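Reader: Can you walk me through this one? I'd like to talk about charge pairs, packing and strands.

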Amino acid sequence: MGNPNNDRCRSRRLPRTTRMPDCSREFLPASLAAGAPDMFPRRTRPCRFAAGAAIGPADKAGEKDMDSPSRDIIAETPRLVLRRHAAADFPAYLEMCADPAMSRYSGRNPSGSEEAWMRLLRQAGHWSLLGYGFVAVEEKGSGRFVGEAGLGDFKRRLGPAFDDAPEAGWAIAPWAHGRGYATEAAAAALEWIEHAFAIERTVCLIHAENAASIRVAEKLGYAPFGECTYRGYPAITFERLNRIGNRNASEPE
């Protein structure tokens with residue numbers, strides 16, 4: 001990362017933020033960990049991407065063979081399955097990360113084997129330490145690895161307006177571009193996590209010239225709130241206010 005002083009965002013305002021609950025002491029909220037049938041008793045909004053999705057807590061750690069694809073399914077959409085990452089994803093994950101098209105707007109070179117493996121471990125580690133994170137996305141019909149989407153805490157040091165909110169992101173393998181998978185996967189992942197943790201606000205960071213990713217953000221309901229220079233490139237910061245999360249936070253149990 002570059003000098004934190006140079007990477008700090010110039011926010012037009014300091015919006016209200018909500019910190020992600022600390023799940024390092026308790027893996028998931030009690031209602032999720034207990035596997036309660038009615039996991040989301042509060043009112044929720046419909047999601048056209050995740051309607052009828054199979055949404056539930058991940059299976060207990062250690063019960064899966066890490067050499068086979070994980071079936072810790074978080075959500076499903078009509079075309080996609082969103083699940084926890086597994087070690088068996090690595091060959092397809094490396095292929096995605098090593099493609100030059102994936103690093104065009106990242107300020108980094110294409111990933112080698114070590115970098116891709118560390119990134120995969122980072123995604124798995126989010127769930128272990130924080131109870132949320134990115135999920136692997138696979139095509140429902142073929143079972144092929146499509147990419148990933150979700151929320152993370154990446155310690156970017158861009159200022160409280162950005163750092164105090166969970167950061168959304170998505171990455172789709174080049175072979176699957178142009179099919180609407182990024183919007184479909186990110187919408188389902190965000191809905192699951194926002195309702196599971198009653199998150200009021202999320203953010204994302206996008207290269208100012210990455211028009212395709214900006215369109216996805218806009219479809220997901222993100223709006224720009226600042227600009228910054230990150231890793232030497234011009235970037236725009238976006239925010240999304242979860243109205244259901246805001247309303248439920250003020251409602252009695």
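Author: What follows is a short chat about salt bridges, nonpolar cores and strand pairing.
Author: This is a predicted model, where local features need pLDDT of at least 70 and side-chain atom pairs count only at pLDDT 80 or more, while totals for chains, interfaces and linings use all residues. Residues are numbered from 1 along each chain as its sequence is written, and side-chain values use heavy atoms, with hydrogens and water left out.

Reader: OK, how many salt bridges does the structure hold?
Author: There are 10 salt bridges, each meaning a side-chain nitrogen of Lys or Arg within 4 Å of a carboxyl oxygen of Asp or Glu.

Reader: Which side chain does arginine 83 meet in a salt bridge?
Author: That of glutamate 138, at 2.7 Å from N to O. The pair links distant parts of the chain, 55 residues apart: arginine 83 is in strand β3 (residues 80–83) and glutamate 138 in strand β4 (residues 134–139). Helices (H or I, at least four residues) and strands (E, at least two) are DSSP runs, numbered from the N terminus.

Reader: Are arginine 83 and glutamate 138 buried or exposed?
Author: Both are buried. Buried means under 20% relative accessible area, exposed over 50%, and partly exposed in between, with a 1.4 Å probe and protein chains only.

Reader: And what does arginine 156 pair with?
Author: Arginine 156 forms a salt bridge with glutamate 167, with the closest N and O atoms 2.8 Å apart. Here arginine 156 sits in the loop between β5 (145–152) and α5 (160–163), and glutamate 167 is in strand β6 (residues 167–172), 11 residues apart. Arginine 156 counts as buried at 14% relative accessibility, and glutamate 167 is buried with 5%.

Reader: What about glutamate 194, which arginine is its partner?
Author: Arginine 240, with 2.8 Å between the closest N and O atoms. Glutamate 194 lies in helix α6 (residues 181–197) and arginine 240 in strand β9 (residues 233–241), so this pair ties together parts that are 46 residues apart in sequence. Glutamate 194 is buried at 1% relative accessible area, and arginine 240 is buried at 8%.

Reader: Which residues do salt bridges with shared partners join into one network?
Author: Arg83, Asp89 and Glu138.

Reader: Switching to packing: how many residues are in the largest nonpolar core?
Author: That core has 36 residues, and those with the most contacts inside it are Trp170, Cys204, Leu220 and Tyr222. A nonpolar core is a set of buried Ala, Val, Leu, Ile, Met, Phe, Trp, Tyr and Cys residues joined through side-chain atoms within 4.5 Å.

Reader: Which element gives the largest share of this core?
Author: Helix α6, with 12 residues.

Reader: What is leucine 220 in contact with?
Author: Leaving aside neighbours within four places in sequence, leucine 220 is in contact with Trp170, Thr183, Ala186, Ala187, Leu190 and Arg240. Contact means heavy atoms within 4.5 Å.

Reader: Where does β3 pair?
Author: Strand β2 (residues 73–76) runs antiparallel to β3, joined by 3 bridges, and a hairpin of 3 residues connects β2 to β3. Alanine 75 stands opposite leucine 82. Another 4 bridges join β3 to β4, also antiparallel, and leucine 80 has glutamate 139 as bridge partner in β4. Strands pair if DSSP finds at least two bridges between them.
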